[in-house]
Amino acid sequence: MLKEWEAVIAGCSAEDQRQDMTIQWIHLTEWSSMTARDRLLHRSISERFSEQAFDPLGLRDVVLQVDEAFADSEEDRSAIQAAMAHSRHERFAAYVSLLSEATRQCGIAIGDGLMSRANNALLVQAIQAGQVDASSNISSLTVRVFDYLAQQAGLPFQEVSKRIEELSGLMAPIGAINLASDPGAKQEGHLAMSYARLRSFMEQVQDHERVSGDSDANEALLVLFSAKEFCDFVSERLAGIEQTLSSFIVALRKMKETREDIDDLVNDIAYALDGWDGLIDVWNEAATIAETEEGGSARRRAIQHILLFLPMMPAEETYDDSERVWNGISIHRAVMVRQFTNWLNDTLDSDLVARVQSSQEMERRRARYQQRAAAREAEAKAREERRRQRRQERRAVKATAEGAV
């Protein structure tokens, strides 16, 4: 699996620092200058995903842990620790949201009007007004709900509590659910906030498209089309999560299926949003500069940069009527991107060519070595098999001779 990975090194060319280079992940330490932090990150990622499937959420955890160990300043370390602390807060927010939904479902089933109107804000207020230990306070607030769920699902009370805790961990990157029906729910999960950021980015690009000339407007429309595809994809997955949890009793009773469904949906959302934050940062930086530049040239350059790295929805996730537009995106990007060349002036980057060719030659040598090693191993096994057969033949002849005597 690691052999198939690639890494992009920004500003790798000695001739033009704006060029990027793509190299195989396994050769990254050999063909690039890496700090101690980068080497630890490379090793940590390789070790974590050598056996298990890659996922953006796991990668985020690894990056935070490595960055905390190699923070350049106390300010950076505090920011990283705050991000890690927020991850713990995300889990708590998800737990409260699940508890709110379970309380509402329980209240409706038993005819308790107060419980049927429960929401995140009311539960959080109750926790803050009660004991300092929020988790124990939650337990005291939910005994009745958990008892009901345990009876209906045919599970022990402690098992219900354990399964809801597990669901909270899976839901943490999303945060609250049922935002439309729960006025106390907030988008506190980092994936939910990335999703909200993408929607805000779409609105800003749409405003830019309305006041731009034809050429700039067409480029902005391509970005908007792609962003909308990903937003729709995420929206469908969020709806799928809410549908999975629409009946807590069924979700808890069939915990294995629930776990797999939510894990798949959350990972889909993580993959869909992965990469957009960096592009939105480029746009936001240009938006601040554009205030002092005539004609919005900063935004135009930002759109062109985004088009170079624009995420594209896999073909199996798109609709038939999208084919024409996706072909347009591919053609537009092909005009700007040339292999081994500077994207701005089409000059050949000899340094990039040399690096890639050297990497390819190393891979060919590695493959030849592996082939020779495999051939030697096969020959050794064949020789051992021939020796084993000869020994068996000698024993058979000896046994025949002794029988004759």
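How much space lies in the largest pocket? In this predicted model, the answer is about 1400 Å³. The lining of that pocket is made by 38 residues, and those closest to its centre are Leu 59, Leu 273, Asp 274, Gly 275 and Trp 276. Several elements give two or more residues to the lining: strand 1 (6–10) and strand 2 (20–24), plus helix 2 (56–69), helix 3 (74–110), helix 9 (190–210), helix 10 (214–244), helix 12 (255–273) and helix 13 (276–290). Sort the lining by class and you get 23 nonpolar, seven polar and eight charged residues.

Now for the helix pairs. Here are three of them side by side.

| Helix pair | Axis distance | Angle | Crossing |
|---|---|---|---|
| Helix 8 and helix 12 | within 10 Å | roughly 15° | right-handed |
| Helix 1 and helix 2 | 10 Å | about 145° | right-handed |
| Helix 9 and helix 10 | within 9 Å | roughly 155° | left-handed |

Start with helix 8 (residues 157–171), whose axis crosses that of helix 12 at roughly 15°. That angle makes helix 8 roughly parallel to helix 12. On the helix 8 side, the residues that meet the partner are Arg 163, Glu 166, Leu 167, Leu 170 and Met 171, while helix 12 brings Met 255, Thr 258, Arg 259, Ile 262, Asp 263 and Val 266. This contact divides into six nonpolar, one polar and four charged residues.

Next up is helix 1 (residues 36–48), which packs with helix 2 at an angle of about 145°. Helix 1 puts in Arg 37, Leu 40, Leu 41, Ser 44, Ile 45 and Arg 48, and helix 2 answers with Gly 58, Leu 59, Asp 61, Val 62, Val 63, Val 66 and Asp 67. Spot Leu 59 there: it belongs to this contact, and it is also among the residues closest to the centre of the largest pocket. By class, the contact of helix 1 with helix 2 has seven nonpolar, two polar and four charged residues.

Which way do helix 9 and helix 10 run relative to each other, roughly parallel or roughly antiparallel? Their axes cross at roughly 155°, which makes helix 9 roughly antiparallel to helix 10. From helix 9, the contact includes Tyr 195, Leu 198, Phe 201 and Met 202, and from helix 10 it includes Ala 217, Leu 221, Phe 230 and Cys 231. Counted by class, this contact has 15 nonpolar, three polar and three charged residues.

Note on methods. Residues numbered from 1 in each chain as written. Predicted model: local features only at pLDDT ≥ 70, side-chain atom pairs only at ≥ 80, totals over all residues. Heavy atoms only, no water. 1 Å grid on protein atoms, 1.4 Å probe; cavity = no way out; pocket = protein on both sides within 12 Å on 5 of 7 lines; lining within 4 Å. Points joined across faces, edges and corners; volume = space filled by probe spheres on them. Helix = DSSP H or I, 4+ residues; strand = E, 2+ residues; numbered from the N terminus. Nonpolar A, V, L, I, M, F, W, Y, C, P; charged D, E, K, R; others polar. Axes fitted to C-alpha atoms, helices over the stretch in contact; angles between N-to-C directions. Parallel < 35°, antiparallel > 145°, perpendicular 65-115°, else oblique. Left-handed = near helix turned anticlockwise from the far one by under 90°. Contact = heavy atoms within 4.5 Å.
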